[in-house]
Amino acid sequence: QVQLVESGGGLVQAGGSLRLSCAASGRIFSINAMGWYRQAPGKQRELVAAITSGGSTNYADSVKGRFTISRDNAKNTVYLQMNSLKPEDTAVYYCNAQGYATTGNRFGSWGQGTQVTVSS
């Protein structure tokens with residue numbers, strides 16, 4: 001079983017910055033992809049950014065040029081640096097990790113979510 005613990009959300013004014021962190025722990029053999037998703041009230045959960053173990057990244061068009069995803073493979077941790085935040089970035093942000101457990105089984109885990117609120 002793999003657990004994800006997120007931190008770093010909060011309230012910030014438009015134009016400000018926040019950095020989210022997500023640490024994975026448990027019976028981890030390898031983590032292939034890690035990513036951040038978000039869900040605003042009344043909307044579906046959407047991909048914000050993802051990164052592979054090799055460092056390849058993918059971003060939603062709405063955050064390109066403002067958000068940066070990175071990871072520390074040694075610490076099984078993924079980060080999301082969010083700059084130039086806009087009110088429409090307000091959402092609960094969820095961390096996701098996919099890989100293989102020490103049992104040999106694949107896993108896909110979600111964090112509990114962290115609230116990001118951007119005031120205008």
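Predicted model: local features only at pLDDT ≥ 70, side-chain atom pairs only at ≥ 80, totals over all residues.
The largest nonpolar core holds 32 residues. Within this core, Trp 36, Leu 80, Met 82 and Tyr 93 touch the most other members. Several strands give two or more residues to the core: β1 (2-7), β3 (18-26), β4 (28-39), β5 (46-52), β7 (67-72), β8 (77-82), β9 (91-101) and β11 (114-119). The most comes from β9, which gives five residues.

Ser 21 is placed in strand β3. Its relative accessibility is 18%, and the cut-off for buried is under 20%, so Ser 21 counts as buried.

A search of the whole structure finds one aromatic pair. The rings belong to Tyr 37 and Trp 110. Their centres are 5.0 Å apart and their planes stand at 65 degrees, so the pair is edge-to-face. Tyr 37 lies in strand β4 and Trp 110 in strand β10 (residues 106-110), so the pair ties together parts that are 73 residues apart in sequence. Tyr 37 is partly exposed, at 21% relative accessible area. Trp 110 is partly exposed too, at 39%.

Charged groups also sit over rings. The charged end of Arg 45 is over the ring of Trp 110, 4.6 Å from its centre. Arg 19 lies over the face of Tyr 79, 4.1 Å from the ring centre.

Key:
Residues numbered from 1 in each chain as written. Heavy atoms only, no water. Core = buried A, V, L, I, M, F, W, Y, C linked by side-chain atoms within 4.5 Å. Buried < 20%, exposed > 50% of the residue type's maximum accessible area, 1.4 Å probe, protein only. Helix = DSSP H or I, 4+ residues; strand = E, 2+ residues; numbered from the N terminus. Phe/Tyr/Trp six-rings, centres within 6.5 Å; stacked < 30°, edge-to-face > 60°. Lys NZ or Arg CZ within 6 Å of the ring centre and 35° of its normal.
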